[in-house]
Amino acid sequence: MNGAGAGAKGVGMTRRPQLGAYVYPWDVDGDPAAADRLAALGVRRACVAAAYHAVRALTPRHPHHKVVTADRSAVYFPLDPARWSSADRLRPVEAAWSWHSFGPAVTALNDAGVEVYAWTILAHNDGLGLREPEATVVNAYGDRYPWALCIAQEQVQRHCATLAAEAASQPGLAGVELESCGWYGFDHLHAHDKSAGVLLPPSAKLLFSLCFCPACQDAYREAGADPARLRADVRAALDPVFAGTADDAHLPDEQSGAVARMRTAIATRLRERAVSAVRAERPDLPVLLHAHPDPLACGASPGLPPETAHALADAPVLLCPTRSDAALDAVRAYAGNGRRVVATVAAVQGLGADPSDLTAWCADLTDAGATELRFYHPGLASATDLEAMRKATAALR
Ligand SMILES: [Zn+2]
């Protein structure tokens with residue numbers, strides 16, 4: 001195992017990565033010790049949720065609460081009414097359970113010497129989709145995905161760009177990080193999920209995530225596919241998987257090509273728009289995009305190949321939770337030529353991390369070309385997890 005057992009000075013890297021961490025605003029707001037505790041971990045950058053989806057989060061060290069329940073997507077800063085009109089049906093919601101906690105968290109972290117990026121979730125939204133179902137992805141069977149706004153729609157693109165710009169406008173920031181800036185689909189990490197009875201292979205998951213709303217139907221036509229025919233073929237490909245008579249689901253090549261062109265063009269348009277909106281607001285801030293090397297991946301880290309990622313934004317953020325060849329390959333694919341590449345590393349054992357491998361895994365990601373590492377995440381972590389993060393940062397600095 002590369003780098004395994006590496007001591008504090010023995011990780012063998014030629015470069016030192018920037019070290020950062022994700023936290024929720026409620027991890028810091030109201031806890032006078034939180035910012036210094038984060039700084040003491042050895043991280044110099046915090047990604048603080050500015051607009052975030054529903055979550056049930058433990059806050060083990062907070063003096064005033066131990067669990068925060070966000071029952072829907074919300075923003076943690078005061079909305080600027082001038083940016084959102086009554087005609088905007090997808091107007092964000094302010095978080096009643098952690099009222100305007102972003103600003104105080106940013107101030108406390110900056111005071112502790114930690115710079116802050118606004119961590120902003122775009123197309124994945126729990127709440128707006130229930131209120132405005134026509135704005136969501138609708139699959140080939142006609143089922144709505146209320147957690148997934150359909151980015152082919154103008155109202156969704158406008159919502160995402162406006163939200164990104166408003167997050168960027170908050171005081172005290174050093175950067176903006178856009179998650180779910182692309183297609184969202186069937187996969188949805190949800191507390192009460194009962195959807196694993198039939199395990200869908202990636203090919204089927206993509207087809208099950210294709211949207212057939214009016215905007216998508218227009219876009220399929222523009223890409224050269226007849227939407228009614230496509231929808232029938234998607235169902236014909238998925239039906240045997242659900243019936244247990246096939247392991248895989250594929251479209252004819254011509255349709256696959258049209259779907260890929262359509263999905264790529266729309267996701268690119270969203271990213272250009274969101275990144276431009278941030279830069280128009282704050283030209284000085286770097287804009288990072290959560291990315292997956294598979295161009296058609298959907299989810300929190302949607303498909304965004306290396307060349308496009310570096311052309312569109314200041315850096316990709318890659319999900320590299322625990323040791324895997326795929327994660328190292330992804331980092332290598334995006335790295336090189338002085339490019340900035342951020343790798344997110346799982347650091348909470350209860351959420352699947354391996355604290356005993358944390359230092360070595362971070363070193364290997366750095367050797368593969370990651371210029372920056374982010375721990376996920378100190379707010380949720382146990383005392384043992386925090387100690388593992390401290391050891392890793394001591395070895396990596
Ligand atoms: Zn759609």
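**Close-up A. Arginine ends sit over aromatic rings.** The charged end of R374 lies over the ring of Y117, 5.4 Å from its centre. This view, like the others, comes from a predicted model. R263 places its charged end over the ring of W183, with 4.0 Å to the ring centre.

**Close-up B. Y52 and W119 form an aromatic pair.** The structure holds 18 aromatic pairs. In this one the ring centres are 4.9 Å apart and the planes stand at 65 degrees, so the pair is edge-to-face. Y52 belongs to strand 2 (residues 45-52) and W119 to strand 6 (residues 115-121), so the contact ties together parts 67 residues apart in sequence. Y52 and W119 are both buried. Ring pairs also link these two into a cluster with Y22, Y24, W26, Y76, W97 and Y376.

**Close-up C. Y141 meets F208.** Their ring centres are 6.3 Å apart and their planes at 70 degrees, so this pair is edge-to-face. Y141 sits in the loop between strand 7 (136-138) and strand 8 (144-149), while F208 is in helix 6 (residues 202-209). Y141 is partly exposed, at 24% relative accessible area. F208 is buried, at 8%.

**Close-up D. Strand 10 is covered on both faces.** Five of the five residues in strand 10 (residues 287-291) are buried. V287, L289 and A291 lie on one side, L288 and H290 on the other. Strand 9 (residues 173-179) pairs with strand 10 in the parallel sense over three bridges. There, E177 has L288 as its bridge partner.

**Close-up E. Strand 10 continues into a β-α-β unit.** Strand 10, helix 10 (residues 306-312) and strand 11 make up this right-handed unit. Strands 10 and 11 (the latter residues 315-319) pair in the parallel sense over four bridges. A291 has L318 as its bridge partner in strand 11.

Terms used:
Residues numbered from 1 in each chain as written. Predicted model: local features only at pLDDT ≥ 70, side-chain atom pairs only at ≥ 80, totals over all residues. Heavy atoms only, no water. Buried < 20%, exposed > 50% of the residue type's maximum accessible area, 1.4 Å probe, protein only. Helix = DSSP H or I, 4+ residues; strand = E, 2+ residues; numbered from the N terminus. Pairing = 2+ DSSP bridges. Right-handed = clockwise from strand over helix to strand, strands pointing away. Phe/Tyr/Trp six-rings, centres within 6.5 Å; stacked < 30°, edge-to-face > 60°. Lys NZ or Arg CZ within 6 Å of the ring centre and 35° of its normal.
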